[in-house]
Amino acid sequence: MAKKNSSDFIDFNALLKLYLSKWYLFVIAVVLCAFIAFIYIRRTPTEYAVRANVLITQENANPMANFGGLGELFGANGNVDDEIFVLASHSLYKDVVKDLGTNVSHSVKTGFLRWEMAYPEYPVDVTADAGIIDTLRTGITFKINVDKHGKADIKAKVKRSVVADVKDASLPAVVDTPLGQFTVSTTQYYVPGEDLSTRVSVYGYDTAAEKLDKDVVCDIPNKRSNVIQMGIDTPNPDYGKDILNEIVKKYNKRGIAEKNAQSVSTASFIDDRLALLSSDLAKAEKEIQDYKQRKGIVDVQAEAVYQSEKKGKIEEALLTAETQSEVLRMTQAFVADPENAYSLIPMSIDNKSLQASVEAYNELVLKRMELLNNAKPNNSVLKGLSAQIDAMRGNVAESLGKAAQSSDITIRDLRREKSLADARLGDIPTQEREFLDMKRQQTVKQQLYLFLLQRREETGMLLANALPKGTVIDEAYTLSEPLGLSNKTLLAIAMLLGLCLPPLYLYVRKLLRNRFETRQEVEAVTDVPILGEMCNDRSGNTLVVTASSNSSASELFRLMRSNLTFILNDPRDKVVLMTSSTSGEGKSFISINLAASLALLGKKVLLVGLDIRKPRLAEYLGLSPKFGITQYLSSDSIELKQIISHIPDAPGLDAICAGPVPPNPAELLSSQKVDRLFAELRTMYDYVIVDTAPIGLVSDTFTLDRIADAAIYVCRVNHTPLSDLQLVNEIHEQRRLKKLSLVINGSAAHKRYGYGNDSSK
């Protein structure tokens, strides 16, 4: 049956033996990996992490933001995500490259396979016109070797193509290339009298900016913060610091320029508006002035109050005047009435001079009345007093008439003034509305004018005190520990990898080759018993088993012989078939030496070459028999003793060679004469070893199974495919060959033994 109980566990003992047998692979792999690591360490410079932190100030950069909707005209605040794009913009990197000159990189050879970046001090520089650098679309590398005498060999390459090659040039030297002329010259850091190897790579500003964009990383460590962390990994910390600091410097300079540009634009806008508003404001104020002059008012509200008060006073004065006029007319009528000639005037007149006349008149009337009570009517005093009263009455009447006329004039004037006041008060609402419209326009323009004056001062202060948007928290600094693994760690990893590669190689090779390498692998795929193993023999001899031999090969054949005697446990078991899958597996070698090993026991052993399709046994044994078995089987005239040959180096061992290749080998081997032959050979010999044809090619071996007692299948390490072992499993399962066993040829089995003169090494 085929092997069904293949081990699912790892046989560490077998693996260890396999790995020990391949010790040289581990040595080679470890040495090779260590060498590769050494080359990598020498060629790869140690890199350091350079970092910088910038705080983006979130401020109201819009000076018009508080003035209604005008603030939208000047943009809004930016955020940190947008500032990252500004900080890492191509144009900014291009400016950094131009200012620092990093579009030209320098490296100097400092030892075996070691090149170091030279910055900022480098011994040799390459320069070109600014127009060439601006238009340079690809990089050009100059490899410069300067000897002790100052002579330089210069080789210029664009990618892999050599575009210029100058020998023994004195520096400075001009090198003509398809990209233009470049000047190679020494710097103040060049040391005369020393050999120098340096590489100078020149790139266009755009190309260098693209390279810088790949090297520099900008990120926000926390989405809630306004901090941008910048980083660059470089073998030269000074270069990294200068790059990051210059980027921040250019960013802030650009931010200040943008702020100033906005402020200048704002100032220009304010100046234009101030000029326009100044004209409008003057016009509005002139209109108000003209209106007041035209209307004759200073203040509409004050005018309204004034006219109201004036009207009240006029009405009050008019009432008084009309009352006084009525009193005058009543008094005038009283005086004019003859009946009242010598009566007291009862009216009080609001006229001092007239009132004085009335009072004087009343005094005379009172005197007459007193005199009349005591005197007679014809009294001369009475008559004189009456005449005086009459005269005074006329004066009073005349004065009353003039006062009445004057009162009428006053009333007329007051009534006119009252009409004027009424008219002015009626115009006040219209004047107030018109005045308020003009005043509103003037107030708006005045407020805007004052606001713009204030903003102009603020804008001037912004221009004078412009601050960068990026506040440097940490200037560029270098982390103390270099990036990557240390040299010792790299070597340790390389050696560990070297130890891991051989098992991987052996495993992959096993998968790809599909051939077994050890006895354990054979046992894992088949249940056919293993008779023995045979190591590789490098002695060059076909017969390695002799009475005096104690090599590993001879000892293995003796072990194989012992195992075979256990298989042939019946005294009648004498005939053993030797076969394999294909030629080249050592079947004939195993047959010869196994037969010789049996002969050393004092047994009579016969070796029969029945691989009649491709006979090689006579060649291996150095025999030249006259007749072979094919001739014996095909002819009745040849006797058995004529085909038997004695082997001088192996007493007790005879051989029957195959003879010429017959035209009908299958029919010949199926003949009854073969049965009679082996029946006779059983009586003549103790053991008969039959070297038959490979079973993977022809069926001759299966035909001969009828005359055999056991069969041995020879397989070879790194030669026999595992699929052939599956064929052996099928043969064993179907019992097509009696007492089938395996012999493993070409193994390292000799290493198990600690004795013997190993000639197979």
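Lys739 counts as partly exposed, at 38% relative accessibility, where partly exposed stands between buried (under 20% relative accessible area) and exposed (over 50%), with a 1.4 Å probe and protein chains only. Lys739 is found in the loop between H20 and S21; helices (H or I, at least four residues) and strands (E, at least two) are DSSP runs numbered from the N terminus.

The model is predicted, so that local features need pLDDT of at least 70 and side-chain atom pairs count only at pLDDT 80 or more, while totals for chains, interfaces and linings use all residues. Residues are numbered from 1 along each chain as its sequence is written, and side-chain values use heavy atoms, with hydrogens and water left out.

Cis peptide bonds occur from Tyr119 to Pro120, with omega near 0°, and between Leu171 and Pro172, with omega about 5°. Pro120 lies in the loop between S3 and strand S4 (124-127), whereas Pro172 is found in the loop between strand S7 (161-170) and strand S8 (173-177).

Helix H13 (residues 552-567) has 16 residues, which at 1.5 Å a residue should span 22 Å, and its end C-alpha atoms, 23 Å apart, agree with this; the expected span is 1.5 Å times one less than the number of residues. The buried residues of H13 include Leu556, Phe557, Met560 and Leu564. The partners against which the buried residues of H13 pack include strand S14 (530-535), helix H14 (587-599) and strand S21 (740-747), contact meaning heavy atoms within 4.5 Å.

The structure also holds 1 cavity of 30 Å³ or more, and about 50 Å³ of space lies in the largest cavity. On a 1 Å grid over the protein atoms alone, a cavity is a set of points where a 1.4 Å probe fits but cannot get out, and lining residues have an atom within 4 Å of a point; grid points are joined across faces, edges and corners, and a volume is the space filled by probe spheres set on the points. Among the residues lining the largest cavity are Lys587, Asp611, Arg616 and Asp691.

Note on methods
On a 1 Å grid over the protein atoms alone, a cavity is a set of points where a 1.4 Å probe fits but cannot get out, and a pocket is an open set with protein on both sides within 12 Å along at least five of seven lines; lining residues have an atom within 4 Å of a point.
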